[in-house]
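Trainee: I would like to learn how to read a ligand site in a model. Where do we begin?

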Amino acid sequence: MLEIGTSNGYSTLWLAEAARVNGGRVVTLEHAADKAAMARANFARSGLEECIELLHADAGAWLARAADASVDLLFLDSDRGAYAGWWPDLRRVLRPGGLLVVDNALSHAAEIAPLEALLRREPGFACSTVAVGNGELLAVKPR
Ligand SMILES: C[S@@+](CC[C@H](N)C(=O)[O-])C[C@H]1O[C@@H](n2cnc3c(N)ncnc32)[C@H](O)[C@@H]1O
């Protein structure tokens, strides 16, 4: 799994719990040094550290170098204004059949709209917004 936007690592821990059950792992990206340090400390106390790789990195730069079709599940929760610009790389790194989850789809719908428009225009992507929490936009890449 790839998480973009770690903050203190709260959502990472939920992803890591699922990853552990499935023999997977989570790579999580955070560009703010203080938040990355906080997350690192939380991961060390969590018992899930072996499933988590925390990278202090800018997501746009990291995505540009990431391998094609290397991500099963991508959780997007960071700089919403950058999402549409990241779309070519988000689409490229997600494997066929992979799932993109975009947080704040309802709480910040206007900020998510440019990415959602691109997604819904994309042939074969199955998209749905789920009204849990702040709203999650789910999109499955066609096989
Ligand atoms: C809403 S918080 C993430 C919350 C976390 N996913 C959770 O639910 O526990 C967004 C985070 O994205 C980080 N961020 C914003 N733009 C980024 C970028 N270009 N690259 C990496 N991290 C970024 C911010 O520093 C912030 O910590």
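This is a predicted model: local features need pLDDT of at least 70, side-chain atom pairs count only at pLDDT 80 or more; totals for chains, interfaces and linings use all residues.

Mentor: Begin with a polar contact, a pair of N or O atoms within 3.5 Å. Here an N or O atom in the side chain of D58 lies 2.9 Å from a nitrogen atom of the ligand. The side chain of S11 has an N or O atom 2.8 Å from a ligand nitrogen. H31 uses a backbone N or O atom, 3.2 Å from a nitrogen atom of the ligand.

Trainee: How much of the ligand's accessible area does the protein cover?

Mentor: Accessible areas come from the Shrake-Rupley method with a 1.4 Å probe. On its own the ligand has 610 Å², and the protein covers 81% of that.

Trainee: How many residues surround the ligand?

Mentor: Count a residue as near if one of its heavy atoms lies within 4 Å. That gives 18 residues, the closest being G5, S11, E30, A59 and D77. The shell splits into 6 nonpolar, 6 polar (Gly counts here) and 6 charged (Asp, Glu, Lys and Arg).

Trainee: Which elements give two or more residues to that shell?

Mentor: Helices (H or I, at least four residues) and strands (E, at least two) are DSSP runs, numbered from the N terminus. The contributors are α1 (10-22) and β2 (26-30).

Trainee: What pattern does the chain follow?

Mentor: Along the sequence it reads β-α-β-α-β-α-β-α-β-α-β-β, with 5 helices and 7 strands.

Note on methods. Residues are numbered from 1 along each chain as its sequence is written. Side-chain values use heavy atoms; hydrogens and water are left out. A polar contact is a pair of N or O atoms within 3.5 Å; within protein, one must be able to donate a hydrogen and the other to accept it, and residues adjacent in sequence count only if both atoms are side-chain atoms.
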